[in-house]
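Please work through the exercises below with the sequence and the model side by side, trying each task before reading its solution.

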Amino acid sequence: MTCYLENETDTAFSFSEEETAKKVMEAVLDSEQCPYEAAVNVLLTDNEGIRQYNRQYRGIDRPTDVLSFPNLDYRTPADFGPAEAAEADCFDPDSGELVLGDIILSVDKVKEQAENYGHSERREFAFLVAHSMLHLCGYDHMEETEAAVMEEKQERVLKTLGITRN
């Protein structure tokens, strides 16, 4: 698992963002039985930066906590089979890793939501990474049943890692 993390802000957390992201990413990929080594790009930005991305890519002119840009088209969530058919578009030619996609996180939202929910910034960061990774694995939450599946998977991964609300 390769996590390419860039922080374009001056914000520093009391935990290693890269180490936490990588642990969460690996746990999600293990839980989804991804058969490949994978790579994910992560950009940490502020509310203004993510607002611009949200406006550009989703037509929504306000900040959000996380944006996910999957590199694969899934028939069903966590069906990694089509990746081999689109090998040139899905695998890094140098490392051979499956390029799952990009994650953009607002560090301002991580801090704000951690305070609002009464848990640590690390827990909020890890939650958003888990949430986004599930999107990169083909999950969505547009329907109530889809949302319930994602919520259960997110909580299970975080619990497995010992990253709880307490």
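**Exercise 1. Determine where T45 lies, whether it is buried or exposed, and which residues outside its sequence neighbourhood it contacts.**

Step 1. The model is a predicted one, in which local features need pLDDT of at least 70, side-chain atom pairs count only at pLDDT 80 or more, and totals for chains, interfaces and linings use all residues. Residues are numbered from 1 along each chain as its sequence is written, and side-chain values use heavy atoms, with hydrogens and water left out.

Step 2. Leaving aside neighbours within four places in sequence, T45 is in contact with E8, T9, I50, I104, L105, S106, V107 and D108, where contact means heavy atoms within 4.5 Å.

Step 3. T45 is found in strand β2; helices (H or I, at least four residues) and strands (E, at least two) are DSSP runs, numbered from the N terminus.

Step 4. With a relative accessibility of 1%, T45 counts as buried, given that buried means under 20% relative accessible area, exposed over 50% and partly exposed in between (1.4 Å probe, protein chains only).

Step 5. Looking at the strand as a whole, 7 of the 8 residues of β2 are buried, so β2 is largely enclosed by the rest of the structure.

Step 6. T45 and T76 are 31 residues apart in sequence, and their C-alpha atoms are 31 Å apart in space.

**Exercise 2. Work out the order of the strands in the sheet and how each pair runs.**

Step 1. Strands of a sheet pair through backbone hydrogen bonds, either parallel or antiparallel. Two strands are taken as paired if DSSP finds at least two bridges between them.

Step 2. The open sheet consists of 4 strands in the order β1-β2-β4-β3, with mixed pairing. Because β1 (2-7) and β3 (66-70) stand at the edges with a single partner strand each, one side of each is left without a neighbour in the sheet. On average, neighbouring strands of this sheet are turned by 15° against each other, direction ignored; axes are lines fitted to C-alpha atoms, for helices over the stretch in contact, and angles run from 0 to 180 degrees between N-to-C directions.

Step 3. β1 and β2 run parallel and are joined by 6 bridges, and in this pairing Y4 stands opposite N41 of β2.

Step 4. Strand β2 (residues 38-45) is also parallel to strand β4 (residues 98-106), to which 8 bridges join it. On that side N41 has D102 of β4 as its bridge partner, while V40 has G101.

Step 5. The pairing of β3 with β4 is antiparallel and extends over 5 bridges, with V66 standing opposite L105 of β4. β4 is mostly covered, since 7 of its 9 residues are buried.

Step 6. Helix α1 (residues 17-31) lies across β1, β2 and β4, and runs at about 145° to β1.

**Exercise 3. Describe the largest pocket by its volume and its lining.**

Step 1. Rolling a probe the size of a water molecule over the atoms shows where empty space is left. On a 1 Å grid over the protein atoms alone, a cavity is a set of points where a 1.4 Å probe fits but cannot get out, whereas a pocket is an open set with protein on both sides within 12 Å along at least five of seven lines, and lining residues have an atom within 4 Å of a point.

Step 2. The largest pocket holds about 470 Å³ of space. Of the 20 residues lining the largest pocket, D65, V66, H131, H135 and H141 are the closest to its centre.

Step 3. At least two lining residues come from each of β3, α5 (107-117) and α6 (121-136), and α6 gives the most, with 6 residues.

Technical notes
Grid points are joined across faces, edges and corners, and a volume is the space filled by probe spheres set on the points. Ala, Val, Leu, Ile, Met, Phe, Trp, Tyr, Cys and Pro count as nonpolar, Asp, Glu, Lys and Arg as charged, and the others, Gly among them, as polar.
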